[in-house]
Amino acid sequence: MRDQVIKVMISLMFLFSASVFAEDNIIHVEHGPDAYEQLQEALILAEPGTTIMVAAGRYDFVDALSLDVSDITVRGAGMDKTIFNFKGQQAGSEGILVTSDRVTLEGFAVVDTPGDGIKIKGVDTVTIRVVRVEWTGGPKASNGAYGLYPVSSKNVLIENSLVIGASDAGIYVGQSQNIVIRHNIAQYNVAGIEIENSYFSDVHNNISQNNTGGILVFDLPGLPQGGGHSTRLFNNIIQNNNTANFAPKGNIVAMVPAGTGVMVMANRGIEVFDNIFDENASAHVIIAAYPRKYYDDAYIPTARRVLLTGNKYGRGGFDPAKMIKTLVGSRTDEVYSDIIWDGAVDGFWSFMFGIDDDDSILVDEAAGTTMVNLNIVHEIYLPWGSSLDQNIENYRGTRARLQAVQLPQDQKQE
Amino acid sequence: MAGWVKYIGFFMTVVLSQPVLHADEQMIDVEALHAARPAKNISAYNLFADNQSQKPNNGLLPYDLIVPLFTDYALKYRFVHVPEGSSANYNDSEAFDFPLGSILVKTFAYPADFRKPDKNIRLIETRLLIKEARGWQAWAYIWNDDMTDAKLKVAGARMPVSYIDKLGLSVTVNYAVPNRNQCKGCHTKDREFTPLGPKARNINRDYNYKFGAANQLEHWSVIGYLSGAPKSSQAPKVPRVDDVKVPIAQRARAYLDINCAHCHRAAGPASTSGLFLTFSEKNPVNWGYMRRPVAAGRGSGGLEFDVVPGKPDRSILIYRMASTDPGVMMPELGRNQVHVEGLALIRAWILSLD
């Protein structure tokens, strides 16, 4: 456990220092009353290949910033030095919007946006590095929904960044593919980090703490990109995710029980390994089906092909949220568990004959780890004869592992 | 300002405006419009014979939409230019495919008093869309107080505007002039910049030209601006939203089509929401009927569905249309006020749904 802590801490040492490279094409934006116009003009008129350097200082902006030129770097003097304050923002549902390819954002902060912090929509290759997004008033339903928000994009790298206070997810990647989220801290959000309807994600060496739920891997129905799969969560520290859920109702994260470490919902091919879980009051890991009605013929609501291995579990499940109490506590007097699986399987066939090996839930954890399978499907088909399964050995096994995600950003640096 | 400076300014204004005032036959300056860089002042393009009344010079054809986008109650003057020898290709459902060199011009203005909307009109900004080889370029020009010229604002601007509304109440709005990216925020189809207004279904109406009234689709075809258009009676057409003879569902969908569907469509910037509000969308879940939000955040207002039949107060659509909070309101851009009439229409429509 100690080794892992040290490994994560070392990777986090780079968190608060912005890197500097030499470039030919540089536009400097100085602090002052014209800063917004200067910066937004630069973001529109810059030629591809330009680096826009924004001087240290606190900038009060009433309108959103947006970038639609490819191959641009926007660099501040550091996440505590160059601060874009959107508290008085009058329009725009995010602080910064990026819609162009091969963009790097680094070394600045976006604070107190009424809507989302930084949204990246429909791009190929984006790097967010040493960026802070924060709602400074603490966790509140009136905070914006997402901190760092790439959607419908590919080759997404978010590293060494810090997100605090999002009323939905701190770092949220939706309907995207080829994603690496590493060396970040996410805290006091409803969801620390969320991967939704996405393909091929590596989420590693992050600290996700004091959120309602630490890391979520979700797949939702009725969206342009569905069938989320292939996510690896590893070497993360996921602790104290016990903040009361403050998401506005109607949003899917509003149903995440406080005290959740990791929640996997309706995805396929998820590996959770070598993480440290501690002090998550409902459960360290929840594996569940999408619980609501849906109108999407292609949608598969159950969680399939999940592997948990090599994780360290500190105290967990000691004070479960009401929903977990109702689900688990009504059916057993036993202590609550590190791992909860709802046991939802894909229809009557799987119920009768078991899930395909390809789709099974495998739990290969150290002795002493506790797990409960709620056997939801048994409950539906055989309510009178249904019982919980708390024998973790029934899930032991291993299988071929996912490949690491390769990003063009990493190839370049080598 | 020193008196003599003002005097010279006045003198220059008179001198510069002389030829404009007397020469209706002037052409717009197409060369200036197609220069590599946009002009600093709109006067370089010679678009208007008279700024104040927005009387165009030759080469600019005025047009109107059936249902306009709501922009804080601003009045709008629209013009189109299609180069000689080429024409836009007609399309049944999308904006026409304009040839290189086409220009769309839109001026935003406020009367001092909406009870006399033709009097004391203050021009705010004129937006240009210019079709170049690298795609549509979008520029906004902000008018000076005398309305003698307008200045290019690349980064957009805020313009405080005061007026008396239809009820006689005094209103002040911090009008937002968008920058190019914000323009593209709505003017996007499959990541490409695209015009929004000139769609068959929204320009299929009469316009009072100098020679008399004529259907715009047909007139555009006659003068060679448009090719491939069917007879106007064969072309699609949205209803006027204030035409009470039209069923409310059609009027509401026409309103949502022009105000929302440029983003809320499969090829638009809000594709990821899965909420599609185009006039032709048939699947009720897609246009919001008992649809759950995806990434609405606090835009949901604690409500569970976009449209709850019969229950406007439980519908997220209404919550967001009724808000001016940037983290909640829809559309995201282009308004700082609630469109009271539009909101009433959509409320009534939701009430009518089973």
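Figure 1. Between chain B and chain A, 17 residue pairs are in polar contact, both residues being at pLDDT 80 or more. A polar contact is a pair of N or O atoms within 3.5 Å; within protein, one atom must be able to donate a hydrogen and the other to accept it, and residues adjacent in sequence count only if both atoms are side-chain atoms. Helix α3 (residues 180-186) of chain B supplies 4 residues, the largest share of the side of chain B that touches chain A. Helices (H or I, at least four residues) and strands (E, at least two) are DSSP runs, numbered from the N terminus. On the side of chain B that touches chain A there are 13 nonpolar, 14 polar and 11 charged residues. Here Ala, Val, Leu, Ile, Met, Phe, Trp, Tyr, Cys and Pro count as nonpolar, Asp, Glu, Lys and Arg as charged, and the others, Gly among them, as polar.

Residues are numbered from 1 along each chain as its sequence is written, and chains are lettered from A and ligands numbered from 1 in the order in which they are written. As this is a predicted model, local features need pLDDT of at least 70 and side-chain atom pairs count only at pLDDT 80 or more, while totals for chains, interfaces and linings use all residues; side-chain values use heavy atoms, with hydrogens and water left out.

**Figure 2. Extent of the interface between chain B and chain A.** In chain B, 38 residues are in contact (heavy atoms within 4.5 Å) with 50 residues of chain A. About 3300 Å² is buried between chain B and chain A, and carbon and sulfur atoms give 49% of this area. Buried area is the accessible area (1.4 Å probe) that two parts lose on being put together, summed over both.

**Figure 3. Parallel strands of chain A around β15(A).** Chain A contains 6 helices and 31 strands. Strand β15 (residues 177-182) of chain A pairs in the parallel sense with strand β12 (residues 154-159) of chain A over 5 bridges; two strands pair if DSSP finds at least two bridges between them. In this pairing, Leu157(A) stands opposite Val180(A) in β15(A). Strand β18 (residues 199-204) of chain A also runs parallel to β15(A), joined to it by 5 bridges, and Gln177(A) stands opposite Tyr199(A) in β18(A).

Figure 4. Glu159(A) belongs to strand β12 of chain A and is buried, with a relative accessible area of 8%. Buried means under 20% relative accessible area, exposed over 50%, and partly exposed in between (1.4 Å probe, protein chains only). Beyond the neighbours within four places in sequence, Glu159(A) is in contact with Ile128(A), Arg129(A), Val130(A), Arg182(A), His183(A) and Asn184(A). Val130(A), in strand β10 (residues 124-134) of chain A, has a positive phi near 50° although it is a residue other than glycine. With 2% relative accessibility, Val130(A) is likewise buried.

**Figure 5. The buried residue Ser167(A) in a loop of chain A.** Ser167(A) lies in the loop between β13 (162-164) and β14 (169-174) of chain A, and its relative accessible area is 0%. The side chain of Ser167(A) reaches the backbone oxygen of Asn143(A) at 2.9 Å. Leaving aside neighbours within four places in sequence, the residues in contact with Ser167(A) include Lys140(A), Gly144(A), Val190(A), Phe246(A) and Pro248(A).

**Figure 6. Pro301(A) and its contacts.** The loop between β26 (283-288) and β27 (304-309) of chain A holds Pro301(A), which is buried at a relative accessible area of 17%. Not counting residues up to four places away in sequence, Pro301(A) touches Ala266(A), Ala288(A), Ala289(A), Tyr290(A) and Tyr294(A). Pro301(A) and Ala289(A) are 12 residues apart along the chain, and their C-alpha atoms are separated by 5.3 Å.

**Figure 7. The cis peptide bond of Met330(B) and Pro331(B).** Met330(B) and Pro331(B) are joined by a cis peptide bond with omega of about -10°. Pro331(B) is placed in the loop between α7 (316-321) and α8 (340-352) of chain B.
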